[in-house]
Amino acid sequence: MRSKHCLFWAILIASAELISNTTIATAQGIPAPAANQAFLYEMSEDAVLLNSEGHLLVPDPSNSSPTGLVDATNGAFGIPAIRRATSQLQGVAALGSALCPTPTVVTVRGTESTVIATGIDDVQLVVDPNSGQLIPTSGAVSGSYAVVVQLDNATDSPEFPVQTGTFSGVISFQPPLPLGFVSQGTFTIDGAPGSVAFQAVFRQPFTRSAKGDVVTQRGVKGKKISRTDPSARRAPAYYLLDNGDLERVRPDERAVGWPTVRFEITF
C-alpha cells in the first residue's frame, strides 16, 4: 500500500506519463471546431469520491485510514470505487452543426455559436496492479446544455438561451494518457423529434518535465509547485493530440488562470 499522501493524490488525478517521442505542435492557431464539431471547456468541476456502496468518502480527521479517507456515514476506512463529478462547461459550436443551425445564433468569429452545459459523470475506479494506484476506467455521462446569445450586455459572455436540450453517453479513459473518449453519445433538442448522435475526445491539460520527454500532472521545469502557489495555475500546460504531438494550452483555454479540459465533440 502506498503512503496516504501519494494514494490520495493518485485518486484525484490520473497519471499522465507519456512516451518520450512526443513533440510540441509549432503552428498552433486559435482553437476552433471544424464543421460538425463543438469545443467545450470545463470552467469548473465539483468532484466527490464514493465507495462500492455509494457512500460519500471524506478526509479522515483522525489520520489513521490507510487511504486517508473514511466513509462519511459510519467512519469506516474508505476505499474509493467511483468518482462522481459535476462540471460547468462553455465553448463554441461550428455554424451548420446541430448546436449552431443558423447564422442568427452565431456569437463568435461570425461562424460559431456559444454553448454552455452542465455535465455529470460517474466513473468507475480500479487498482492498477503494477503501481497500486487507483485509475479511472469508464462510466455514464449525462447533462443539459443551452445555445445562448447576447441579452442585455454585449460585453460579457452570451446568456440568453435560444436552444436547449440534454445529452448522454459513455465516457472511458486510457491511462496513463491524459485522454478520455465519449461513445454512444446522443443529444436531444427540446421540442425537436429524435436525437443527434455524437462522439467526443476529452483532452486533459498537463505540464512537462525539465527534460521535455516526460509529461507529468504537476511540476514545471522539473520543479514541483505547490497546488496553493499562485503560479501553479498559470504554468505552461499542454494537450495531447491524436497524432502524439503536444499542443500548448492557450490563454483563452484557461479559466481564471487554470488550464481547462477541452471537450471536442463531433456530430
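This report describes aromatic pairs and salt bridges in a predicted model.

## Aromatic pairs

The structure contains six aromatic pairs. In one of them, the ring centres of Phe 173 and Phe 202 lie 5.7 Å apart with their planes at 85°, so the pair is edge-to-face. Phe 173 belongs to strand E7 (residues 160-173) and Phe 202 to strand E9 (residues 196-203), so this pair ties together parts that are 29 residues apart in sequence. Both Phe 173 and Phe 202 are buried.

The ring centres of Phe 187 and Phe 198 are 4.6 Å apart and their planes stand at 45°, so this pair is tilted. Strand E8 (residues 179-189) holds Phe 187 and strand E9 holds Phe 198, so the pair ties together parts that are 11 residues apart in sequence. Phe 187 and Phe 198 are buried.

## Salt bridges

Side chains of opposite charge can pair when their charged atoms come close. The count of salt bridges is nine. One of them joins Glu 264 and Arg 203 (2.8 Å, N to O). Glu 264 lies in strand E16 (residues 262-266) and Arg 203 in strand E9, so the bridge ties together parts that are 61 residues apart in sequence. Glu 264 is buried, with a relative accessible area of 9%, and Arg 203 is buried at 3%.

## Arg 262 and its partners

Arg 262 forms salt bridges with Glu 247 and with Glu 253. Salt bridges that share partners join Arg 203, Asp 242, Glu 247, Glu 253, Arg 262 and Glu 264 into one network. The charged end of Arg 262 also sits over the ring of Tyr 239, 4.5 Å from the ring centre.

Conventions: Residues are numbered from 1 along each chain as its sequence is written. This is a predicted model: local features need pLDDT of at least 70, side-chain atom pairs count only at pLDDT 80 or more; totals for chains, interfaces and linings use all residues. Side-chain values use heavy atoms; hydrogens and water are left out. Rings of Phe, Tyr and Trp (its six-membered ring) pair if their centres lie within 6.5 Å; planes under 30 degrees apart count as stacked, over 60 as edge-to-face and the rest as tilted. Helices (H or I, at least four residues) and strands (E, at least two) are DSSP runs, numbered from the N terminus. Buried means under 20% relative accessible area, exposed over 50%, partly exposed in between (1.4 Å probe, protein chains only). A charge sits over a ring if NZ of Lys or CZ of Arg is within 6 Å of the ring centre and within 35 degrees of the ring normal. A salt bridge is a side-chain nitrogen of Lys or Arg within 4 Å of a carboxyl oxygen of Asp or Glu.
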